[in-house]
There are 2 protein chains.
Amino acid sequence: MVNDKPELDKRKAFILATVVYEYINTAEPVGSVTLTQKYNLGVSSATIRNEMAELEAGGYLVQPHTSAGRVPSDAGYRTYVDRLMQPESLTNDDARRIRDQFRDASLELSEVIEQTTRLLSGLSGNLAIAIAPSRDTHAFKHVQLIWLSPNTGLAVVVTSAGVAAQRVFEWRAEVGADDLTRLSNALNSRFGGRVMEEIGSAEIDAVCADVQAGGEIRDAVRAVFATARQTDEPEIAAAGAQNLLDQPEFHDLRKLRAILRIVEEQRTLYDLIADELAGDGTVAGGADTAPHVRIGHELRADELAECSVVTVPYRFGDRGVGMLAILGPRRMPYGRLIALASGTARSLGDHLTDVEIR
Amino acid sequence: MVNDKPELDKRKAFILATVVYEYINTAEPVGSVTLTQKYNLGVSSATIRNEMAELEAGGYLVQPHTSAGRVPSDAGYRTYVDRLMQPESLTNDDARRIRDQFRDASLELSEVIEQTTRLLSGLSGNLAIAIAPSRDTHAFKHVQLIWLSPNTGLAVVVTSAGVAAQRVFEWRAEVGADDLTRLSNALNSRFGGRVMEEIGSAEIDAVCADVQAGGEIRDAVRAVFATARQTDEPEIAAAGAQNLLDQPEFHDLRKLRAILRIVEEQRTLYDLIADELAGDGTVAGGADTAPHVRIGHELRADELAECSVVTVPYRFGDRGVGMLAILGPRRMPYGRLIALASGTARSLGDHLTDVEIR
DNA sequence: CCTGGCACTCCCCGCGCCCGACTGCTAGAG
DNA sequence: CTCTAGCAGTCGGGCGCGGGGAGTGCCAGG
């Protein structure tokens with residue numbers, strides 16, 4: 001669909017904006033009379049009818065059936081979001097709740113992510129999703145192998161994001177506490193100040209060989225580093241699915257189930273949101289932390305044809321970008337949700353940068 | 001309600017069992033003709049009608065309305081579960097899937113708990129819940145304070161269940177690596193072999209005082225031990241809420257929302273399941289690992305009047321008991337779910353005992 | 001270009017109706 | 001005494017129908 005929509009004159013734009021606004025609030029198709037009664041447009045309903053008919057011809061509105069009011073189309077919402085809506089800022093109340101949340105938030109990335117989704121779903125009344133910045137880009141801080149018993153040990157890797165991996169290992173051969181300490185020291189001096197991404201298995205093997213650490217221990221170190229880099233599955237959290245029950249568009253059980261399935265499968269959810277991260281280079285590279293809205297079919301998933309998603313990247317220090325998202329019905333209060341998501345993303349980024357382990 | 005139900009003669013028992021069985025499978029009220037057609041009872045539908053009328057008088061069946069078939073009452077399900085149903089054992093397929101799941105399961109308690117709920121919800125097609133054994137009863141294994149930078153440190157507490165707590169701390173005053181090592185050693189030698197429950201703040205303070213560890217560090221140690229004992233909130237996981245959407249009894253949105261609210265609030269969920277742990281002394285003390293079924297109003301929660309819960313305790317080594325539960329409609333396949341829950345609980349217990357850190 | 005008016009369309013809702021499923025009862029048979 | 005066949009009674013659910021209402025499109029006139 002090319003962008004050859006005829007430019008909207010001022011009155012059409014106002015009418016479109018009002019229809020979208022009204023529909024978002026009432027969830028009922030909007031008629032010409034409602035419009036003239038609730039908003040003083042200075043013209044009669046007949047005129048509005050003509051305008052609405054043209055807006056429908058232009059693809060901005062659709063009629064569920066002949067004798068009903070109009071409902072915005074994807075293009076209608078799109079125009080509203082891009083050009084007609086006035087941006088909102090956080091209400092004092094919301095700002096306060098966000099501030100309170102992060103005042104004494106955890107230092108652990110994964111916990112923060114989870115708490116943030118709960119906060120955002122509560123504030124927005126929709127489904128909130130967060131993905132953590134890829135751990136590849138975090139700075140290595142410390143690794144410690146801890147002797148627990150002759151046959152068991154604990155390995156902990158700490159990065160700038162907190163404890164990135166921790167795991168108990170059981171070894172067939174007996175292991176001495178000194179061996180573990182020596183290996184810990186060797187690893188720390190070798191990897192200090194590096195970025196997780198650069199630390200590969202080969203180098204780990206080399207360090208282990210230097211201190212004559214055996215096969216089982218080497219495997220353990222490799223494993224815990226792999227988890228710390230988390231190359232396998234990305235960290236993602238979602239909360240507030242039950243909020244969707246309140247929206248009339250999800251009273252249809254099939255739609256509801258389709259959405260729940262998407263949320264259940266973290267992989268799909270990740271792909272949905274991460275599109276934005278990879279999609280245009282501006283996010284990964286530049287300073288673009290602007291919120292982004294995708295509406296209905298723009299999401300390229302049939303199950304989500306009646307949904308919209310607001311995504312906002314957040315910065316984590318000077319490396320790595322994570323993503324916050326709100327998923328809800330297309331008929332969502334875009335202005336408020338964008339403000340909420342942006343505000344939360346900013347606070348989250350500040351918090352993470354602030355507590356980043358130096 | 002006292003247990004003064006008249007004893008059921010053989011034919012009544014068979015009819016009740018068949019009604020429950022049929023209703024569980026079809027979700028439709030069961031009529032006398034259906035019964036005679038699908039099961040060869042050797043008598044006519046008129047006779048069945050008389051019997052069913054008596055079963056209704058006895059409180060085992062109810063009629064949704066005059067001209068409908070019968071549906072089991074709480075008491076009907078209860079009798080079915082206690083005396084009429086034949087116990088099922090795991091199918092080969094289920095047994096295999098459980099075995100596979102635990103073959104390479106995590107060593108970390110919290111992760112195992114979560115994986116188990118996913119397994120059990122997948123197998124049962126219902127909502128699965130697991131609570132971890134109280135951490136109080138775990139054996140203390142190791143604590144390590146790790147120096148990360150002059151102002152930051154990491155504290156890790158390991159118990160017989162794996163890493164019980166880990167946290168990064170930020171201190172205003174500078175801290176030396178040696179101080180942390182000395183304190184770690186002191187704590188380990190003092191607490192080695194003890195049970196978490198016994199380790200109180202006073203004793204921690206005493207050890208800190210011995211090695212002249214300052215206020216900030218003492219607070220950190222206290223905090224990490226508190227988390228490790230997890231006196232504040234019990235560890236609980238739930239999965240598979242979207243399975244409930246498939247059940248016709250939850251097509252009513254109000255009921256669905258009521259249930260989702262319960263699942264969302266972990267506290268309520270915990271109380272629901274933990275009743276069983278505290279309820280009768282046999283579980284906590286003895287060797288009782290039998291599954292337990294609570295049906296409808298027995299759950300003492302109006303929202304759950306149409307639900308049943310199967311709970312099974314699982315043993316964790318020789319100390320502590322956790323709980324596995326399946327929540328679903330009253331009309332659930334009790335035999336299969338009991339087998340699944342028991343089988344999973346056994347495997348879970350074995351796995352935990354097996355990987356317990358010695 | 002705007003407006004009032006009017007005919008038209010179509011959904012929604014309530015009503016009444018019938019159909020079907022099931023019961024309870026009774027009379028009679030074994 | 002128990003079982004059965006038959007029959008009348010009951011009630012819910014589905015269906016069709018019709019009216020009311022909301023909204024549109026169009027036209028003629030200002």
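A residue is called near a molecule or strand here if its C-beta atom, placed from the backbone, lies within 6 Å of it. The model is predicted, and local features need pLDDT of at least 70, side-chain atom pairs count only at pLDDT 80 or more, and totals for chains, interfaces and linings use all residues. Residues are numbered from 1 along each chain as its sequence is written, while chains are lettered from A and ligands numbered from 1 in the order in which they are written.

We begin with the DNA. Around DNA strand D there are 19 residues, of which Gly31(A), Val43(B), Thr47(B), Thr66(B) and Ser67(B) come nearest. Two or more residues of this surface come from each of α2 (32–38) and α3 (45–57) of chain A and from α3 (45–57) of chain B, where helices (H or I, at least four residues) and strands (E, at least two) are DSSP runs numbered from the N terminus. The element that gives the most to the surface near DNA strand D is α3(A), with four residues. By class, this surface has seven nonpolar, 10 polar and two charged residues; Ala, Val, Leu, Ile, Met, Phe, Trp, Tyr, Cys and Pro count as nonpolar, Asp, Glu, Lys and Arg as charged, and the others, Gly among them, as polar.

Seven nonpolar, 10 polar and two charged residues make up the surface near DNA strand C.

The contact between the chains takes 27 residues from chain B and 27 residues from chain A, two residues being in contact if their C-beta atoms, placed from the backbone, lie within 7 Å. On the side of chain B that touches chain A, the elements giving two or more residues are β4 (140–149), β5 (152–159), β6 (162–170) and α10 (253–264) of chain B. That side of chain B divides by class into 13 nonpolar, eight polar and six charged residues. Because 100% of the interface residues of chain B are also interface residues in chain A, the copies meet through the same surface.

Most residues other than glycine have a negative phi. Arg300(A), however, has a positive phi near 55°, and Arg300(B) has a positive phi of about 55° although it is not a glycine. Arg300(A) is placed in the loop between β8 (292–295) and β9 (307–315) of chain A, and Arg300(B) lies in the loop between β8 (292–295) and β9 (307–315) of chain B. Arg300(A) counts as exposed because it has 11 C-beta neighbours inside 10 Å, and Arg300(B) counts as exposed with 10; a residue is buried if 20 or more other C-beta atoms lie within 10 Å of its own, exposed if 12 or fewer, and partly exposed in between, with C-beta atoms placed from the backbone.
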